[in-house]
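This briefing is intended to be read beside the sequence and the structure. It is arranged by topic.

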Amino acid sequence: MYDICCIGHITLDKVVTTKSIKHMAGGTSFYFSNAIKNMDVSYTLVTALAESEMRFVADLRAKGIDVNALPSTFTVHFENIYSENLDHRTQKVLQIADPFTAEQLADIQAKIFHLGPLLADDISVELIEDLAGRGVVSLDVQGYLRKVENENVVPIDWTSKKEALQYIDILKANEHEMEVLTGSSDVREGSRILADWGVKEVIITLGSKGSVLYHNGIFYDIPAYVPKAVTDATGCGDTYMAGYLYQRIQSNDLQAAGEFGAAMATLKIESSGPFTGTPEDVTSILKHSKKIMPVDI
């Protein structure tokens, strides 16, 4: 029995910013796994990729990360292009991997299953329902709101959202994804709608403005912590969720969990590549960094 199991494809990423062009492994599963590896939890990753990219799995295992690597015809290949404002990016998808199935995950037992679909067909509603019968299900919703047309990623609504969200215990969405799902641009209204559809803990991230949690009718305002430098925002949301779920394994203090995740995301944005810090580094951010509270919500 693991504390946390992350399910998602490792990607081959091309990250383009105003300062550089880098080629690297990526995806929710990659950034989440790296961020949580120094935390005191029992963790495993279930991923799927082509034989040509199995070196990414070897690299993770060399860091002490437990990985269940499934075969796939292709590895997901993303191109992420950031403007000067790192809260915004455009994407292309050059290859798509095979979806996950319930049969592949039948022997994996975990307290929390964190789902990181990158595209709408990665994880079916049937698989979500199956996992919900075995543990807490956490979801980063972004992949269900992406459709690929001629390699371009275009936003879509999630047609099966009401069927699926009744099985989701913890949902992470940014403010734009929340609006697509709910039709509301108001964070508190959107959070309530998602809760009405069955989500127990709603997490809405607001980039450099912080984040908001909603659970059992209570809102928790989570600050953003000011980084020393803004270098690369890729994987910040995944890092946030690694910190949040790590803390949720420890306790039921949602405010503390949100703040810990936000501090981890601050450390992540200061450098390229995945989070490499320790719990002590996060604690230092919490104690010493300037806070920016969510505003106008």
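The model is predicted.

- Strands β1 (residues 2-7) and β4 (residues 43-49) run parallel and are joined by four bridges.
- Within this part of the sheet, Ile4 stands opposite Tyr43 of β4.
- In a regular strand, side chains alternate between the two faces of the sheet.

**Helices on the sheet**

**Packing of α8 and α9**

- Helix α8 (residues 254-269) packs with helix α9 (residues 279-288) at an angle of about 100 degrees, and their axes are 9 Å apart. This angle makes α8 roughly perpendicular to α9.
- On the α8 side, the contact is made by Glu259, Phe260, Ala263, Met264 and Leu267. The α9 side contributes Pro279, Asp281, Val282, Ile285 and Leu286.
- By class, this contact of α8 with α9 has eight nonpolar and two charged residues, with no polar residues.

**The two sides of α9**

- Pro279, Val282 and Ile285 of α9 are buried. They cover an arc of only 115 degrees around the axis, which puts them on the same side of α9.
- Glu280, Lys287 and His288 are exposed on the other side of α9.
- The cover over the buried residues of α9 includes β16 (224-225), α7 (236-250) and α8.

**Helix α1**

- Helix α1 (residues 28-36) is mostly covered, with nine of its nine residues buried.
- These buried residues of α1 are Thr28, Ser29, Phe30, Tyr31, Phe32, Ser33, Asn34, Ala35 and Ile36.

**Strand β6 and its partners**

- Six of the seven residues of β6 (residues 76-82) are buried, so the strand is largely enclosed by the rest of the structure.
- Strand β2 (residues 11-16) runs parallel to β6, and six bridges join the two. Thr11 has Val76 in β6 as its bridge partner.
- Strand β7 (residues 89-95) runs antiparallel to β6, to which six bridges join it. Phe78 has Val93 in β7 as its bridge partner.

**Loop residues with positive phi**

- Asn150, although not a glycine, has a positive phi of about 50 degrees. Asn150 lies in the loop between β10 (146-149) and β11 (152-155). The residue Asn150 is exposed, with a relative accessible area of 76%.
- Asn216, although not a glycine, has a positive phi of about 50 degrees. Asn216 is found in the loop between β14 (211-215) and β15. With a relative accessible area of 65%, Asn216 is exposed.

How values were computed. Residues numbered from 1 in each chain as written. Predicted model: local features only at pLDDT ≥ 70, side-chain atom pairs only at ≥ 80, totals over all residues. Heavy atoms only, no water. Pairing = 2+ DSSP bridges. Axes fitted to C-alpha atoms, helices over the stretch in contact; angles between N-to-C directions. Parallel < 35°, antiparallel > 145°, perpendicular 65-115°, else oblique. Contact = heavy atoms within 4.5 Å. Nonpolar A, V, L, I, M, F, W, Y, C, P; charged D, E, K, R; others polar. Buried < 20%, exposed > 50% of the residue type's maximum accessible area, 1.4 Å probe, protein only. Arc of directions from axis to C-beta.
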